[in-house]
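Please look over the structure shown here.

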Amino acid sequence: MNRIIMGGQWGDEGKGKIVDLLSKESNVVARYQGGANAGHTVYKDGNKIVLHQIPSGILQSDCFCVLGNGMVIDPVELSKEIQDLEKMGMPTDNIYISPSAHIVTPIHKGIDLKNESALSNKIGTTGKGIGPTYVDKYNRNGIRAIDIANSNLILKLYEKKYHASSLDESFSPNSEQAKLFFSCCDLISKYVRNVFPILHNSNNKILVEGAQGALLDIDHGTYPYVTSSNPTIGGISSGLGIPSSNFESIMGIFKAYVTRVGNGPFPTELHDEIGSKIQDIGKEFGATTGRPRRCGWFDAVAASYSIKLNGINEIVLTKLDILNSFDSIKVCTKYQNGDLVSDDYSEFMHNLDTVKPIYESLPGWQCDINDITSFDDLPENAKSYIHYLESILKTKIKIISIGPRRNQIIQL
Ligand code: IMP
């Protein structure tokens, strides 16, 4: 079976662990968008590994790991990721970079930071050069993975970009960071190879790994507080060259509450001690930037929008255990804006700043659930929370994650 795993909220839903778990049933794991702005945390033999560009399937040695054409690849960060995995004794020769993927240079990162510092209403980007690299792609003057094997060509393309930018000489082709960039291009060039036959071999079982989340989508998210790619389902056809009709399972990952890192509207955000308690217990700090994540109650209005937008037919609910100690748990079921009260996100999506969430309260279970292995053994109030979410989202919850370890999973 071919499967898609994507974030249903504003990213950081815990996709890495689920991809790692389900990649055992696949022999190809492919990313279709974004780049080193992502941070997917997985654990192997008790060691924590944070992957930024390499698909989380890398932990399965017999799995093809594809970095699709829709991604923007940072050679410096990728080299580091590869070296870290090699130090842990893990094979990396199963990495395949699409020749059509675009390349993030130090210049793109410099422009990203410069653009952000010039904004009065900051987006809060990760500073990884994502937006400027996609700008070049759409402006048709980008550098692609196919270009990096040729050291003369990459130097020429870099020089041209540097002269067109207004960045200082610390970005010049002779700078330390440019030299590091060129040597990393050389290092990763052996992984640049045709991915089409892998993605279109009907014997392969493909797992597609989304980065960020549906509400950060450039077209369907909270623009302009979004990333510059399409984490939603359309990004898969363009970012890998696979029609979405090839996938039977479209799995949406949702946290049992909501977090957001960076700026932008967030209707259920909690500015009180409950928000700080969730942040604290959930260790809600960005895997890529270390920034604290904003926290709030589960937003079923936004989640239903994500489900419709992507055709999500299975849900994975993560970090349920973070709610263990709360006596009451809220779920936002409608938004209100003036006289308008509705559960239809699309009615409010251009005025999210002014909406008021309307909540249902459910009783908490107030006990540890971290070592439970079957749904039947969960406390009644935890089961009721799950059933409530399923009924309001009209979608089956297939997996519940109750801790960071690989085996802290309940399959339904
Ligand atoms: P960019 O993707 O670095 O351009 O950042 C744009 C917005 O997306 C910012 O609000 C970031 O915090 C957010 N963002 C980017 N990548 C991630 C991610 O992997 N998880 C959560 N938020 C992200």
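Predicted model: local features only at pLDDT ≥ 70, side-chain atom pairs only at ≥ 80, totals over all residues.

Reader: At what angle do helix α5 and helix α6 pack?

Author: Helices (H or I, at least four residues) and strands (E, at least two) are DSSP runs, numbered from the N terminus. Axes are lines fitted to C-alpha atoms, for helices over the stretch in contact, and angles run from 0 to 180 degrees between N-to-C directions. Helix α5 covers residues 151-164 and helix α6 residues 176-188, and their axes lie 11 Å apart. The packing angle is about 145°.

Reader: Which class of residue makes up the contact of α5 with α6: nonpolar, polar or charged?

Author: Contact means heavy atoms within 4.5 Å, and here I154, L155 and Y158 of α5 meet A178, F181, F182 and C185 of α6. Ala, Val, Leu, Ile, Met, Phe, Trp, Tyr, Cys and Pro count as nonpolar, Asp, Glu, Lys and Arg as charged, and the others, Gly among them, as polar. The contact has no polar and no charged residues, and seven that are nonpolar.

Reader: How many charged residues are in the contact of α3 with α4?

Author: The axes of helix α3 (residues 106-118) and helix α4 (residues 130-138) come within 7 Å and cross at roughly 115°. On the α3 side the contact has H108, I111, D112 and N115, and on the α4 side I130, P132, T133 and D136. By class these divide into three nonpolar, three polar and, as the charged residues, two.

Reader: Which side chain of opposite charge is nearest to K17?

Author: K17 belongs to helix α1 (residues 15-22). K17 is buried (under 20% relative accessible area; exposed is over 50%, partly exposed in between; 1.4 Å probe, protein chains only). Lys and Arg count as positive and Asp and Glu as negative, while His and the chain ends are not counted.

Reader: Why does V208 count as buried?

Author: V208 sits in strand β9 (residues 206-209). Leaving aside neighbours within four places in sequence, V208 is in contact with R3, I4, I5, A30, Y32, I236, L240 and F247. V208 counts as buried because its relative accessibility is 0%.

Reader: Which residues does a cis peptide bond join?

Author: P224 lies in the loop between β9 and α8 (234-240). With omega at about 5°, the cis bond joins Y223 and P224.

Reader: Is K394 buried or exposed?

Author: K394 is in the loop between α11 and β18 (397-401). Its phi is near 55°, a positive value in a residue other than glycine. With a relative accessible area of 73%, K394 is exposed.

Reader: How many residues apart in sequence are the parts that K398 and E314 tie together?

Author: K398 forms a salt bridge with E314, with the closest N and O atoms 3.8 Å apart. K398 lies in strand β18 and E314 in strand β14, so the pair ties together parts whose separation in sequence is 84 residues.

Reader: Which residues are linked in a network of salt bridges?

Author: A search of the whole structure finds 19 salt bridges. One of them joins the side chains of E284 and R293 (2.7 Å, N to O), and both E284 and R293 are buried. The linked residues are D12, K255, E284, R293 and K319.

Terms used
Residues numbered from 1 in each chain as written. Heavy atoms only, no water. Salt bridge = Lys/Arg side-chain N within 4 Å of Asp/Glu carboxyl O.
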